[in-house]
Amino acid sequence: MADRIRSFLNEGAVTYAYILLYIALSSGQIFFNKWVLSSKEINFPYPLGLTLLHMVFSSVLCFVLTKVFKVMKVEEGMTLEIYTNSVIPIGATFAMTLWLGNTAYLYISVAFAQMLKAIMPVAVFVLGVAAGLEMMNCRMLFIMSVISFGVLVASYGEININWIGVVYQMGGVVGEALRLIFMEILVKRKGLKLNPVSVIALCLFIPWIFLEKPRMEAHGTWNLQPVVLILNSLCTFALNLSVFLVISHTSALTIRVAGVVKDWVVVLMSALLFADTKLTIINLFGYAIAIAGVAAYNNHKLKKEASKGSSDESQHPESIRLTESSTSNILM
């Protein structure tokens, strides 16, 4: 009995360590990106270039881990049709999310960006209804209204609102919502496990050539610190690994709850770290309402997925379900 208790406590300690690691890395990565993009010391106001660097770095590191050291297993059976219909749409929408979300940091504060991200469930639900994946009902309509009202109140309380940054951030939200819809339609229903990192890099490379490459070349002398950019890319890769560790040791519910905690940490810490963040009571009140709506949405979705999963297992016990850990990606 004592050994079982000791083992349970050890497992619990490891799990909480993974959760704290995820919260620390996720929050730190957001602040790191904001600093790299906005700092005059680094002088690298190129969100496309920074995101492209992240993806290229992750692609190379994944290649080394899978092909050279064979630490990670690569899924087989990829066909041209699957790649065209599944990987490319998901990679393109995720590239859109990262690009627009990082660009927003040039115009709005980190705290306000996190507040606007709370509208994500609304975008996913609306697109899901349009795609026939969700059913409109009074409960979900009420939850969506609470989230929208909370974000509206938080935005009303913003002192220095920049509409260009708001448009970029909302574009990133739409991109993430589209990615999740594609995941539902093209991946989960087909039982595939995909990792479209290389496609994301390609989708970012094309707009980078036309939008940022000329500006970077015209910039002339660079005050660039390669070590900082490499560390920034390494943190992104470590963040994705931490997500996998948390989900593999706990559940989707845990990572979502940890994500809510992370959002509050980011909002409060940004007020201490950045001069452009001025939190008001209205800000915090509206964000609290939105987060309450997000928590209700997550709880509803997870109960729905759990009941659906148990039904599928009873009908098809030989089938292998696709877990969230195989398709998780982090919004920077």
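# Close-up views of a helical model

Glu217 and Lys213 are 4 residues apart in helix α9 (residues 213-218), so about one helical turn separates them. Helices here are DSSP runs (H or I, at least four residues; strands are E, at least two), numbered from the N terminus. This is a predicted model, in which local features need pLDDT of at least 70 and side-chain atom pairs count only at pLDDT 80 or more, while totals for chains, interfaces and linings use all residues. Residues are numbered from 1 along each chain as its sequence is written, and side-chain values use heavy atoms, with hydrogens and water left out. Glu217 and Lys213 form a salt bridge, with their closest N and O atoms 2.5 Å apart. A salt bridge is a side-chain nitrogen of Lys or Arg within 4 Å of a carboxyl oxygen of Asp or Glu. By this rule there are 3 salt bridges. Glu217 is exposed, at 56% relative accessible area. Lys213 is partly exposed, at 29%. The cut-offs are under 20% for buried, over 50% for exposed and in between for partly exposed (1.4 Å probe, protein chains only).

Arg179 and Glu176 form a salt bridge, and their closest N and O atoms are 2.7 Å apart. Both Arg179 and Glu176 are buried. They sit 3 residues apart in helix α7 (residues 163-188), so about one helical turn lies between them.

**Lys262, Asp263 and helix α1.** Lys262 pairs with Asp263 in a salt bridge, its closest N and O atoms 3.1 Å apart. Lys262 and Asp263 are both buried. Now look at Ser27, in helix α1 (residues 2-38). Setting aside residues up to four places away in sequence, Ser27 touches Lys262, Val265 and Val266. A contact means heavy atoms within 4.5 Å. Ser27 has 5% relative accessibility, so Ser27 counts as buried.

**Helix α10 from end to end.** This helix has 24 residues (226-249). The expected span is 1.5 Å times one less than the number of residues. Buried residues of α10 include Val228, Leu229, Asn232, Phe237 and Ile247. Ser233, Thr236 and Ser242 of α10 are buried too.

**His249 in helix α10.** His249 lies in helix α10. Its relative accessibility is 42%, so His249 counts as partly exposed. Which residues does His249 contact, leaving aside its neighbours within four places in sequence? They are Thr15 and Tyr18. Val14 is 235 residues away from His249 along the chain, yet the two C-alpha atoms are separated by 8.8 Å.

Gly91 is in helix α3 (residues 80-104). Is Gly91 buried or exposed? Gly91 is buried, because its relative accessibility is 0%. Gly91 and Val199 are 108 residues apart along the chain. Their C-alpha atoms are separated by 5.3 Å.

**A nonpolar surface patch.** Leu202, Phe205, Ile206, Ile209, Phe210 and Leu211 make a nonpolar patch of about 590 Å². Patch residues have over 30% relative accessible area and no salt bridge; like charges are joined within 9 Å, and nonpolar side chains (Val, Leu, Ile, Met, Phe, Trp, Tyr) within 5 Å. One member, Ile209, is in helix α8 (residues 197-211). Ile209 is partly exposed, at 31% relative accessibility.

**The protein as a whole.** The protein has 12 helices and 0 strands. Of its 332 residues, 44% are buried. Accessible areas come from the Shrake-Rupley method with a 1.4 Å probe; for residues, only the protein chains shown count as cover. Among contacts with a separation of 6 or more, 87% join residues 24 or more positions apart.

**Confidence along the chain.** The mean pLDDT of the protein is 80, and 78% of its residues reach 70 or more. Here pLDDT is the predictor's confidence in each residue, from 0 to 100. Which helix has the highest confidence? It is α6 (residues 138-156), at a mean of 93, whereas helix α12 (residues 281-315) is lowest, at 80. Over residues 317-332, pLDDT stays under 50. For these residues the model has 43 contacts beyond four places in sequence.
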